[in-house]
Amino acid sequence: MLKYALIGCGRIAHKHLQAALALEKEGRLRIAALCDLSPQAMEEKRGRYPLSHAACYTDYREMVEEVQPDLVAVATESGSHGEIALHCMEKKCCVMVEKPMALSLSQAKEMAQQAKRQGVLLTVCHQNRFNPAVQKLRQAVEQGLFGRIFYGSAAVRWHRDKKYYTQAPWRGTWERDGGALMNQCIHNIDLLQWMLGGEPVGAMAMTDQLAHPYIQGEDMGLGILKFQGGYGLLEGTTNIYPQNLEETLCIFGEKGTVKLGGAAVNEIQHWQFAQGESWEQARQHSQFPADIYGSGHQALYRDMVRAMGQGSTPYITGEEGIKALEIVLALYQSAAEGRMVHLPLLQGATADYTGRFEPACREGWAL
């Protein structure tokens, strides 16, 4: 039975624990340890879930040394993902790392290389790829039902207030998080590039800070991506009043049109092809989750445990996780420099944009 440890007991931890507990009930893993800088956060999780058997640590290095877990989930603040994941892989742990996998392109690439060097598995928590509606769309893409795909669009229209950002001092900072595109929108950016074949060749963007002067990053980003065979449109904001509105993904081709929407792109809202299933048939793949996190972590965990048992590749590798990160960094560079940025990037990090929205630096594109 696999020994499992969770590092980070904050906002997303409950999704990880629910998925791990389901596998624990099946005898496929054992939750051996929790780790967080806050003992109170760990005790809260132990009070909510049957975790009395799990040891608690405030130092992840100590935890890895003493527990020697087979699988570690990293769900800490964004700026620490890379450092923690690299250490765990060095100690021969397989790793599941929350998005974004790192805040610099160089560190993300080092993570993918470390997994290969150490002979361990690395997967990135882009759990929305497992949504039944997303899987249905992916199947249509792979079957060529769209014919030529002209373009796709991804929109994240959410609300984040001051309380959200002040709950954790790292949120909205360039050094430890980034803005709306990196934090809130990266899941949908991942889906868009996945449907359009990956490997964009150009990016243009405008970003701004319209309603959250107490953060460093952007609260609105608009972008255009050029792929080998089509285009991608991006819209991401945390300024929607008075609450989250929607997250949508649309694909438009010569023989098909699909729109996914809902809380976490879990609903098939439009489905029309020259040939293939009707919308009435396809809509059976819709889900209606209670929150924006959806239900994909369950499938993500099952896939990782499967891959570990079979010695095969996880569905979402480190190399796949790099793709969405690279796009966000290209969008940041484009917005800051006021020009199209060509991909692939050689380097890039959120920390490069420290001071971006201070008066002397906020012009970007000349209007």
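Phe-150, Tyr-151, Ile-224, Tyr-231 and Leu-233 make a nonpolar surface patch of about 430 Å². Patch members have over 30% relative accessible area and no salt bridge, with nonpolar side chains (Val, Leu, Ile, Met, Phe, Trp, Tyr) joined within 5 Å and like charges within 9 Å. Areas come from the Shrake-Rupley method with a 1.4 Å probe, and for residues only the protein chains shown count as cover. Strand 7 (149-157) and strand 10 (231-237) each supply at least two residues of this patch. Strands (E, at least two residues) and helices (H or I, at least four) are DSSP runs numbered from the N terminus.

Leu-233, in strand 10, is partly exposed at 36% relative accessible area. Here buried means under 20%, exposed over 50%, and partly exposed in between (1.4 Å probe, protein chains only).

## About the model

This is a predicted model, where local features need pLDDT of at least 70, side-chain atom pairs count only at pLDDT 80 or more, and totals for chains, interfaces and linings use all residues. Residues are numbered from 1 along each chain as its sequence is written, and side-chain values use heavy atoms, leaving out hydrogens and water.

## Salt bridges

By the rule used here (a side-chain nitrogen of Lys or Arg within 4 Å of a carboxyl oxygen of Asp or Glu), the count comes to 19 salt bridges. In one of them, Arg-46 pairs with Glu-43, with the closest N and O atoms 3.4 Å apart. These two residues are three apart in helix 2 (residues 39-48), so about one helical turn separates them. Arg-46 is partly exposed at 26%, and Glu-43 is partly exposed at 47%.

Another salt bridge joins Glu-83 and Arg-61 (3.0 Å, N to O). This pair links helix 4 with helix 3 (residues 60-67), 22 residues apart. Arg-129 and Glu-320 also meet in a salt bridge, at 2.9 Å from N to O. Arg-129 lies in the loop between strand 6 (122-124) and helix 6 (132-142) and Glu-320 in helix 12, so their pairing ties together parts 191 residues apart in sequence.

## A residue in a loop

Where is Thr-317 found? Thr-317 sits in the loop between helix 11 (296-310) and helix 12 (318-337), and at 15% relative accessibility it counts as buried. Leaving aside neighbours within four places in sequence, Thr-317 is in contact (heavy atoms within 4.5 Å) with Leu-122 and Val-124.
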